[in-house]
Number of protein chains: 2
Amino acid sequence: MKRSQMFTKTLRDAPADEVARNAVLLIRAGFISKQMAGAYAYLPLGKRVLDNIVQIIREEMDAVGGQELLMTTLQSRDIWEKTNRWDDAVVDNWFKTKLKNGTELGVGLTHEEPIVDMLRLYVDSYKDLPLYVYQIASKFRNELRAKSGLLRGREFMMKDMYSFARTQSEHDELYEKAADAYTRVYDRLGIGDRTYRTAADGGYFTERFSDEYQTLSKVGEDTIYVDKTKKLAINKEIYTDENLAKLGLVKEDLVEEHAIEVGNIFPLESKYSDALDLYYTDENGKKQSVIMGCYGIGVSRLVGVLAELFADDKGLVWPKAVAPAQVYLINIGNDENVVKNTTELYEKLKAKNIEVVWDDRDARPGEKFADADLMGIPYRVVLSEKLGSDTVELKSRTAENAELLLPEQLIKKITTNA
Amino acid sequence: MKRSQMFTKTLRDAPADEVARNAVLLIRAGFISKQMAGAYAYLPLGKRVLDNIVQIIREEMDAVGGQELLMTTLQSRDIWEKTNRWDDAVVDNWFKTKLKNGTELGVGLTHEEPIVDMLRLYVDSYKDLPLYVYQIASKFRNELRAKSGLLRGREFMMKDMYSFARTQSEHDELYEKAADAYTRVYDRLGIGDRTYRTAADGGYFTERFSDEYQTLSKVGEDTIYVDKTKKLAINKEIYTDENLAKLGLVKEDLVEEHAIEVGNIFPLESKYSDALDLYYTDENGKKQSVIMGCYGIGVSRLVGVLAELFADDKGLVWPKAVAPAQVYLINIGNDENVVKNTTELYEKLKAKNIEVVWDDRDARPGEKFADADLMGIPYRVVLSEKLGSDTVELKSRTAENAELLLPEQLIKKITTNA
């Protein structure tokens, strides 16, 4: 796409009330727009990043047999009363609304109840299990404060998957298979090296731990103890000798770290399925409980995490797998030959399915360079009269120095590394 | 995908309170699940249809230069007060909710106000215009009654595009370019032949007409007068001699028809831009109003329209462009050779990027045939011992008779027609 045809601009400042670094950078770079505290619109570049993350998550959930669906945001009160999660005294971050006739409705906080209720039509026999379903959609949580930009939203995009198993051991298999898929997601997003599966509290109804996926970061709200060799961690909240022993972790091998939760998986036992009357009949005709797990990834939170984690003092730095484009193309000056060569290179890159932002504006070189850095596009490519028609300048967003190449070398280099 | 791995089943009956034919069929075929009146979840097959429609619309909006973004569902009261659309006495189908501190919020009814408000940061000079932005997302409307299935929802998916022009004539160009894109969308969805651009009321603030896209259907709520030669129509609501003259339509050439609105486009003049203080500075440094248009397509409504329009007494009939799969593959019996040949064909079709549902269940042939028809998959392909290893039976969903082919002929036929 051409900058001259994009409606967004980079901005000198974010709104004065915006204090989160991730949101400040994303707003200044034209990726998001603040609608209110905790609710951000995705502008075209931000939407591309979001879509790229969604696609990676979707591929990995599909790969383990996840079936994608899309539940509604509007929810009926009655199913939530069955699990005792409707009352504001129990769940304190509902957004609720009302039908014309006064009937109260919930505004999509999470989806265990509607999904279990829906499955009652489809799950009956042992032959109907096991299964995973998932969706990627907006969730709404009425947070008292929302000052962390995309890290904690009132409206945010989430991938939520649910597993349904016949036995505890079948559940364990599904749970570990999903855990492996999570590892692949974080690897592909470029944060695998600093993301730890972290034992955490499983909730009042289970003896088991839940697992959080925690990405090390100074701005993280969580404190965890990390065993870097075993690639495991334990949340401070459950950091006791007894739990360390259960997990096979040794105090001396652990390092205290701050971290951001980028996903979590929970064993739900049969808490929701029993409450909502979802059972199956086994091979002997006997009614049995369905063992559930749930698996969340904050998709929009990941946009914020990646923005915050990799940024430097010049702006955003996107991992290639999620960047809104691979190349930020700059023509310096409007010399006829330079424009012609830049046009040709732009078309060639597009023909190779390499996403390009061409800064074709009539702007000072310094302005174009600053925008390339602020937007965090992996490769900056420059053409100018000074370089001559056979030479382009390539600089990786994170490299100190640029290099001079022939256009063909450039394309080869980008397609090989991208 | 294999039926044995899909969690949905076809159902004998829809819920007793479901009266709309589109929803009854879609529920019975396992495409959607009713969450409450006017709010339906999309199960995997339904989500595929929805995604296919979304993709067609996205391609056509991108082709005219539409820039895709994603606004929030939660909306601030203050921007709606500026256009006098917050008060329930003025707009009577809001869903509203509240922050913890009591601040009222709107739940995404439409997005003129937030989009205009957001653009104030980016539109300043005549050089920043013209532009189109659009999104594809859920809308929420508090309808008193919602008995038409996907045709009128309380929660539904919509594509809403907005154009911003410097002059009335520039607006007219954008408006007609978007109108042409709409025509291409309906053509690609397979309803171009029965969908008419229909003049309708433009609203109190403009002398202009708006344009509805109306698809002829007995269950349509609208009455329109159609000139089939000119491919134009006029809504009964504005059917006066004066308006006919303005439109160049002649009473004698018009036929009365029932129709369903599948899209609409509106000239908004500068009603919203002026109210929300979005102006631009022209070449002479003078402040000028921005002329807007808005362009809606009910994406989920289209799922309902296509379901309702093409269905026969056996079930759904999907146009190929939106079908959740092209082939419903059936093995009759579990003879080793038949299963082997079916597996091979299944893999071959997938390798050619032809979506297949393989009904690999241990079920009676009649049950498999009935499901193929109910789900409305364009091609039904059967393998059996009786047919022998070199022969497959192909039947189009809408054809009377089946034909016998070699597997290679089958693949050629489907790839050529699909």
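This is a predicted model: local features need pLDDT of at least 70, side-chain atom pairs count only at pLDDT 80 or more; totals for chains, interfaces and linings use all residues.
## Domains of chain A

Chain A splits into two domains. Domain 1 spans 3-310, and domain 2 spans 327-417. Their centres, taken over C-alpha atoms, are 39 Å apart.

Contact between the two involves six residues of domain 1 of chain A and eight residues of domain 2 of chain A.

## Where chain B meets chain A

The chains touch through 44 residues of chain B and 44 residues of chain A. On the chain B side, several elements each give two or more residues. The helices are helix 2 (44-63) and helix 4 (112-119) of chain B. The strands are strand 1 (32-36), strand 2 (39-42), strand 3 (66-68), strand 4 (74-76), strand 5 (96-98) and strand 7 (131-140) of chain B.

Strand 2 of chain B gives the most, with four residues. By class, the chain B side has 24 nonpolar, 12 polar and eight charged residues.

## The five-stranded sheet of chain A

Five strands of chain A build an open sheet. Their order is 18-17-19-20-21, with mixed pairing. Strand 18 (356-359) and strand 21 (403-405) of chain A are the edge strands; each has a single partner strand, so one side of each has no neighbour in the sheet. On average, neighbouring strands are turned by 25 degrees against each other, direction ignored.

Strand 17 (residues 327-331) of chain A runs parallel to strand 18 of chain A, and four bridges join them. Leu329(A) sits opposite Trp358(A) of strand 18 of chain A.

## Helices on the sheet

Helix 9 (residues 336-351) of chain A packs on this sheet. Helix 9 touches strand 17, strand 18, strand 19 (379-383) and strand 20 (392-396) of chain A. Its direction makes about 165 degrees with that of strand 17 of chain A.

Helix 11 (residues 407-417) of chain A lies across strand 17, strand 19, strand 20 and strand 21 of chain A. Helix 11 runs at about 20 degrees to strand 20 of chain A.

## Helix 2 of chain A

Helix 2 (residues 44-63) of chain A has 20 residues. From first C-alpha to last, helix 2 reaches 28 Å, close to the 28 Å expected at 1.5 Å a residue. Gly65(A) follows helix 2 of chain A, with a positive phi near 95 degrees.

The buried residues of helix 2 of chain A include Leu45(A), Val49(A), Leu50(A), Ile53(A), Ile56(A), Ile57(A) and Met61(A). Lys47(A), Arg48(A) and Glu60(A) are also among them.

How values were computed
Residues are numbered from 1 along each chain as its sequence is written. Chains are lettered from A and ligands numbered from 1 in the order in which they are written. Domain bounds come from an automatic or database domain assignment. Two residues are in contact if their C-beta atoms, placed from the backbone, lie within 7 Å. Ala, Val, Leu, Ile, Met, Phe, Trp, Tyr, Cys and Pro count as nonpolar, Asp, Glu, Lys and Arg as charged, and the others, Gly among them, as polar. Two strands pair if DSSP finds at least two bridges between them. Axes are lines fitted to C-alpha atoms, for helices over the stretch in contact, and angles run from 0 to 180 degrees between N-to-C directions. The expected span of a helix is 1.5 Å times one less than its number of residues. A residue is buried if 20 or more other C-beta atoms lie within 10 Å of its own, exposed if 12 or fewer, and partly exposed in between; C-beta atoms are placed from the backbone.
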